[in-house]
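Keep the structure in view as you read.

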Amino acid sequence: VLTLIRFFENKVMTGFVKCYVDIFRALPTIVLVSLIHYGAPFIGISLPLMVSGILTLTLNHSAFFSEILRGGVSAIDKGQIEASRSLGLGTFATFRLIVFPQAFKITIPPLTGQFVALLKETVICSVVCIPEMLRQAMVVQSWTANPAPLIIATIGYIIILVPLTRLSRRLEN
């Protein structure tokens with residue numbers, strides 16, 4: 001949606017998306033998760049732990065995904081859009097049938113890389129006690145004074161992320 005808005009002629013909406021992307025790409029995830037978790041209650045918004053973590057990662061990474069897709073759409077030759085218009089396709093149909101399929105093919109490598117980064121950044125949510133894999137391993141490790149839970153969490157991340165990076169390479173090919 002953010003990518004689509006950037007290509008329409010509405011200057012207010014385009015300006016809003018540019019501002020959103022600039023802010024959330026520049027803001028470190030750890031600052032954003034702290035701001036949402038600790039700052040939101042001061043303005044009367046109380047979010048459950050998991051919701052604040054999901055909201056943080058969504059706000060942050062949607063800006064990155066939007067820019068990746070924008071770059072892919074910008075790489076499509078303008079002649080493709082002009083040809084679809086000459087065939088009578090509207091703006092939405094042009095993007096859905098012509099532009100996005102080609103742009104998605106171009107953006108698969110950076111999108112999968114960003115998705116891997118998103119999964120890795122879930123660890124940052126442990127800063128505000130959101131129960132994710134590393135946080136749980138640290139709690140168990142503190143109870144047992146044994147590094148085994150941390151090693152198991154590390155293996156868990158490897159089991160999840162290595163196949164994902166290999167899938168990424170496959171999609172690129």
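## H2 meets H4

The crossing of H2 and H4 is left-handed; a crossing is left-handed if the near helix is turned anticlockwise from the far one by less than a right angle, and right-handed if clockwise. Helices here are DSSP runs (H or I, at least four residues), numbered from the N terminus. This is a predicted model, in which local features need pLDDT of at least 70 and side-chain atom pairs count only at pLDDT 80 or more, while totals for chains, interfaces and linings use all residues. Residues are numbered from 1 along each chain as its sequence is written, and side-chain values use heavy atoms, with hydrogens and water left out.

Helix H2 covers residues 11-26 and helix H4 residues 49-74; their axes come within 8 Å and cross at roughly 120°. Axes are lines fitted to C-alpha atoms, for helices over the stretch in contact, and angles run from 0 to 180 degrees between N-to-C directions. H2 is therefore oblique to H4 (under 35 degrees counts as roughly parallel, over 145 as roughly antiparallel, 65 to 115 as roughly perpendicular and the rest as oblique). On the H2 side, the contact (heavy atoms within 4.5 Å) is made by Tyr-20, Val-21, Phe-24 and Arg-25.

## A kink in H4

H4 has 26 residues and reaches 38 Å from its first C-alpha to its last, close to the 38 Å expected at 1.5 Å a residue. That expected span is 1.5 Å times one less than the number of residues. H4 also has a kink of about 25°, centred on His-61; the bend at a residue is the angle between axes fitted to the seven residues ending there and the seven starting there.

## H6 and its two partners

Helix H5 (residues 78-86) and helix H6 (residues 91-121) have axes that come within 10 Å and cross at roughly 145°. Their crossing is right-handed. From H5, Gln-80, Ile-81, Ser-84 and Arg-85 take part in the contact.

H6 also packs with helix H8 (residues 148-172), where the axes come within 9 Å and cross at roughly 170°. H6 and H8 are therefore roughly antiparallel to each other. Among the residues that meet are Phe-115 and Leu-119 in H6, and Tyr-157 and Leu-161 in H8.

## The end of H7

Helix H7 (residues 133-144) reaches 17 Å from its first C-alpha to its last, close to the 16 Å expected. After H7 comes Ala-145, with a positive phi near 55°.

Terms used
Helix = DSSP H or I, 4+ residues; strand = E, 2+ residues; numbered from the N terminus.
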